[in-house]
Amino acid sequence: MLRYVDAEHGDYRRLILRHNILVGAVLYGDTRDGPWYFQQSLEQRDLTRCRDILLFGATDATQQLEEAA
């Protein structure tokens, strides 16, 4: 499980991974990356390559995944 809290801006993210595959997400506040997280979950994509920045959203994570391919 990965968790990010920014109380000042009212943002909260919790991502649940099983074997580096996203199986659940809870987003409060800034939810603009929700559809991207949902798509990764549907595709059962291995997110090992971007796990360290996964909480920061789709832009950074996608770039890291593309560089690793």
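How many strands form the open sheet in this structure, and in what order? Three strands form the sheet, in the order E1-E2-E3, and the pairing is antiparallel. E1 and E3 stand at the edges with a single partner strand each, so one side of each has no neighbour in the sheet. Neighbouring strands are turned by 10° against each other on average, direction ignored.

Hello everyone, and a few ground rules before we go on. This is a predicted model, where local features need pLDDT of at least 70, side-chain atom pairs count only at pLDDT 80 or more, and totals for chains, interfaces and linings use all residues. Residues are numbered from 1 along each chain as its sequence is written, and side-chain values use heavy atoms, leaving out hydrogens and water.

Now some words you will hear from me. Helices (H or I, at least four residues) and strands (E, at least two) are DSSP runs, numbered from the N terminus. Two strands pair if DSSP finds at least two bridges between them. Angles run from 0 to 180 degrees between N-to-C directions, with axes as lines fitted to C-alpha atoms, for helices over the stretch in contact.

Let's walk along the sheet. E1 pairs with strand E2, residues 11-18, over five bridges. Within that pair, valine 5 has tyrosine 12 in E2 as its bridge partner, and aspartate 6 stands opposite aspartate 11. The two strands form a hairpin with four residues between them, and glycine 10 in the turn has a positive phi of about 75°.

Moving on, E2 and E3 run antiparallel and are joined by seven bridges. Leucine 17 finds its bridge partner, leucine 22, in E3. This hairpin has two residues between the strands, and histidine 19 there takes a positive phi near 55°.

Yet asparagine 20, in the loop between E2 and E3, has a positive phi of about 65° although it is not a glycine. Asparagine 20 is partly exposed, at a relative accessible area of 22%; buried means under 20%, exposed over 50%, and partly exposed in between, with a 1.4 Å probe and protein chains only.

Glutamine 44 is another residue to look at: its phi is positive, near 50°, and it is not a glycine either. Glutamine 44 lies in the loop between H1 and helix H2, residues 58-68, and is exposed, with a relative accessible area of 57%.

And where does H1 sit? H1 lies across E2 and E3, running at about 160° to E3, with contact meaning heavy atoms within 4.5 Å. Glutamine 39 is found in H1, residues 34-43, and counts as partly exposed at 35% relative accessibility. Glutamine 39 and leucine 22 are 17 residues apart in sequence and 9.6 Å apart in space, C-alpha to C-alpha.

Last stop, the start of the chain. Methionine 1 lies in the segment before strand E1, residues 2-6, and is exposed, with a relative accessible area of 61%.
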